[in-house]
Amino acid sequence: PYRLSRTPARVAGSASPTEASEPRSAPTPSREVGRVPFEGLRVLDLGTFWAAPYFTMYLGAFGADVVKIESVQRPDGFRFSGAFPQEGDDWYERSGIWQGTNLNKRGVTLDLGREEGRALLARLIGGADVVVENFSPRVVEQFGFDYESVRRLRPDVIMVRMPGFGLKGPWRDYVGWAMSIEQAAGMAFVTGYRPRPMNPGGFLDPVVGMHAAVALQAALRHRDRTGEGQLIELAQLETGCNLTAEQVLLWQEEQRLVEREGNRDRRFVPQGVYPASDGWVALSVRDEKDWTGLAELVGLPTGLSADERWKEHDRIDGALTAWLSGMNADGAVTALVERGIPAGRVLTAERMYEDPQLVARGYYQDLRTKVTGVRRYPGWPVRFSSGPANHHRFGAPSLGEHNDEVLGRELGLEASELARLRALRVIGERM
């Protein structure tokens, strides 16, 4: 689901001269507890919305210096998701979903429609190890920042391009959104209940981001060995198709479509999410023992095989719904678990924040942002024995928060030049 220009996929066992070459350097792997693996890596994040920013957020969590590039004319569109103008003039700083996707970054604004903005970006690229973008291909190309142009600024740069439909082909210039790509990749067809397909809801974006993280690590390893950078092309459509390969294979072999089955599963019968008097309960029957316990509890016949239960799934669901209708969700879960049946209450967000298991494990982390103060954010879905101890390093930046730090102290622009650029709105801190 990704293409690396210098290290393309190949038939297993056919070693290339590049792979066989001696490493440029051979750093000793560190097992030091708390050490972050991407420390010293400079990343320019030109991305917007979810896929690319989610990817770079994790790079920042693992120590990379991630500089987020926006403009006051066109901030990251995710700033406007879950934030509302009635919250004040700075409402675009208050989106929880934007903040949660842009932790561990510094923020800079540059108007790439102006020559001064493009010149400053070129200087930043000259000091960057990785450049990331997820627009349709024409966007960065019209500003003169295609891969070949970027490579002239930094010969060993790794550029990660994440367009919706790839850099070539008849759909090249289409704008990609997770919810349209989930339809084009066949994911929507198998999501939902039998009467109609249902969009998965955009979750493909962070999945694309995680695929990009894997591809980048391969490219970084190649650069450590040879000194070469490269272009990584990650077409989001192809990531989606990678997740729906089963559908294609089933049709190829049997000319049979994978059908929508809602929450059901042909191995675990019954399985579903059912309404109680004050919430929803999820349960799954794994075997005959589970079924016996559930049947006795609900008043259904025991001794039915999985195939027989599958044929009677509608009737079983009706009996479960009737039984749960007179119970609260917590009481139902207790009764089910006491009989060894896997079950749980479907948690809403406010219950998740106080979930004793997540709290005890330190899953949530309090981080401060300039405008909204301290908020609690979800941590990683993994832990590493070698660290780092905390999931995230710092909160998301406000618009252009680090202009003086990055453009002034690091690029060397004088205060008078920064003031001139602000007056022209080449840079800025407010829309």
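Trainee: Which residues form one aromatic cluster?
Mentor: This is a predicted model, in which local features need pLDDT of at least 70, side-chain atom pairs count only at pLDDT 80 or more, and totals for chains, interfaces and linings use all residues. Residues are numbered from 1 along each chain as its sequence is written, and side-chain values use heavy atoms, with hydrogens and water left out. Rings of Phe, Tyr and Trp (its six-membered ring) pair if their centres lie within 6.5 Å; planes under 30 degrees apart are stacked, over 60 edge-to-face, and the rest tilted. The one cluster consists of F38, F62, W380 and F384.

Trainee: How many aromatic pairs does a search of the whole structure find, and why is the pair of Y353 and Y364 tilted?
Mentor: The search of the whole structure gives 14 aromatic pairs. For Y353 and Y364, the ring centres are 4.8 Å apart and the planes stand at 55°, so this pair is tilted.

Trainee: Which parts of the chain does the pair link?
Mentor: Helices (H or I, at least four residues) and strands (E, at least two) are DSSP runs, numbered from the N terminus. The two residues are 11 apart and link distant parts of the chain: Y353 lies in helix α15 (residues 349-353) and Y364 in strand β13 (residues 364-369).

Trainee: Why is the pair of W380 and F384 edge-to-face?
Mentor: The ring centres of W380 and F384 are 6.2 Å apart. Their planes are at 75°, so the pair is edge-to-face.

Trainee: Is H391 buried or exposed?
Mentor: H391 sits in the loop between β14 (373-378) and α17 (403-410). Leaving aside neighbours within four places in sequence, its contacts (heavy atoms within 4.5 Å) include Y363, W380 and R383. Buried means under 20% relative accessible area, exposed over 50%, and partly exposed in between (1.4 Å probe, protein chains only). At 5% relative accessibility, H391 is therefore buried.

Trainee: Which residues have the most contacts inside the largest nonpolar core?
Mentor: A nonpolar core is a set of buried Ala, Val, Leu, Ile, Met, Phe, Trp, Tyr and Cys residues joined through side-chain atoms within 4.5 Å. The largest has 41 residues, and α8 supplies its largest share, nine residues. Those with the most contacts inside this core are F55, V160 and M162.
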